[in-house]
Amino acid sequence: MCAMKMLSGCQNYQKSSGILPSLTYLFQRIGRKKKIIEELHGAESERIKLGSHDTMTYCLDKNSAVSGNESKLVKFLNKCMPCIVRPIIMKWSITQVLTVTEQLEAGVRYLDFRIAHKSSDPSTNLYFVHMVYTTVIVQDILWEVLKWLETHPQEVVILACRNFDGLTKKLHCHLITCIKQIFQCKLCPRNVVPTLRTMWQRGYQVIVSYEEDLEVLKHCELWPAIPYWWGNKTTTHALIQFLELMKQMGRPETFFVAGINLTENLRYILVHPFGSLKTMTLRSLPCLKIWVRKQYPGPQKECINIIAGDFIGNDDFVRDVIELNTKINPQLDCPSKGSGPKNISFSAF
């Protein structure tokens, strides 16, 4: 009965918004409610989720100082030739153009939060960072995520808190306190097996992975850092080779991310003086989409869990990732034009 109400809620949201969140889209792909109820018992970590790499770079502050993590050379060049260096930094630092709410609406369920504190800032304000800092503070974005979750009670998101440039023990305590105060009972403790059925029954909607082991040990609401397969490659071919090698080595038992984001280096930037990370990414999408469509969800050695990329929202990439979940259960026949019979699971991950 509970599952029926949730399905009805998803359908009502679909009619009112015109935008399909990931679970709603999957529900639309199947017409048998009995099967939906059965699939709520599905195993953990089997459903592929879409992630955005460096989620918050859409609001980088072009006037901010260069991050303390950057090399002395970058800082020196930026100080000596800001009119030349700063535009280059911005062109190669921005990885997303959709706001965090727009990303969630598009289907993103893994948010890559690189968090930092400005060395010159006496306050406890925390920012997001990718070479330079953002115009928004972390606390405001957490409230924005909560607002979205409250209108989408069937959705679950992973917040990957990483980087922590300039964070002291006191600032870690401040950040974790903010996370707890904002999400409260929506936080899923790490001792819970996060099947979709369990998450729905207990009202959990947020999994926070925290890249600081000592803090994780102190707080049951924090999950260990989620491994990120970062290829650090400038070409699509080399990136796919790296991802295939990682698959052969076997997937982790719990959550992990396959990063399909290309990474520039100094040589690449010099060879492409009029380029940008966006043109680099969009040029790679056709080949990456072919690779993505060949992936499978599930617990087996070469299965994929989370796929994260740059400039999420371009083309039909989002739908390609979400539709991978129709391959899970061979009992459910969900044909898609040009793709043959597909299947679906409703496990949370």
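**Exercise 1.** In which helix is the place of Arg-283, and is Arg-283 buried or exposed?

*Solution.* The structure is a predicted model.
Step 1: Arg-283 is found in helix α13, which covers residues 277-293.
Step 2: The relative accessible area of Arg-283 is 56%. A residue counts as exposed when this value is over 50%; Arg-283 is therefore exposed.
Step 3: Thr-236 stands 47 residues away from Arg-283 in sequence, and their C-alpha atoms are 9.1 Å apart in space.

**Exercise 2.** Determine whether Arg-162 is buried or exposed, and identify its contacts.

*Solution.*
Step 1: Arg-162 belongs to strand β5, residues 157-165.
Step 2: Its relative accessibility is 15%. Buried means under 20%, so Arg-162 counts as buried.
Step 3: With neighbours within four places in sequence left aside, Arg-162 is in contact with Tyr-110, Asp-112, Phe-113, Arg-114, Ile-115, Glu-211 and Tyr-228.
Step 4: The side chains of Arg-162 and Asp-112 make a polar contact at 3.1 Å.

**Exercise 3.** Describe how helices α7 and α8 pack.

*Solution.*
Step 1: Helix α7 spans residues 138-150 and helix α8 spans residues 169-183; their axes are 10 Å apart, at an angle of about 20 degrees.
Step 2: Angles under 35 degrees count as roughly parallel, and therefore α7 and α8 are roughly parallel to each other.
Step 3: Their crossing is right-handed.
Step 4: From α7, Val-138, Gln-139, Leu-142, Trp-143, Val-145, Leu-146 and Leu-149 meet Leu-175, Cys-178, Ile-179, Ile-182 and Phe-183 of α8. Of the residues in this contact, eleven are nonpolar, one is polar and none is charged.

Conventions: Residues numbered from 1 in each chain as written. Predicted model: local features only at pLDDT ≥ 70, side-chain atom pairs only at ≥ 80, totals over all residues. Heavy atoms only, no water. Axes fitted to C-alpha atoms, helices over the stretch in contact; angles between N-to-C directions. Helix = DSSP H or I, 4+ residues; strand = E, 2+ residues; numbered from the N terminus. Parallel < 35°, antiparallel > 145°, perpendicular 65-115°, else oblique. Left-handed = near helix turned anticlockwise from the far one by under 90°. Contact = heavy atoms within 4.5 Å. Nonpolar A, V, L, I, M, F, W, Y, C, P; charged D, E, K, R; others polar. Buried < 20%, exposed > 50% of the residue type's maximum accessible area, 1.4 Å probe, protein only. Polar contact = N/O pair within 3.5 Å; in protein donor to acceptor, adjacent residues only side chain to side chain.
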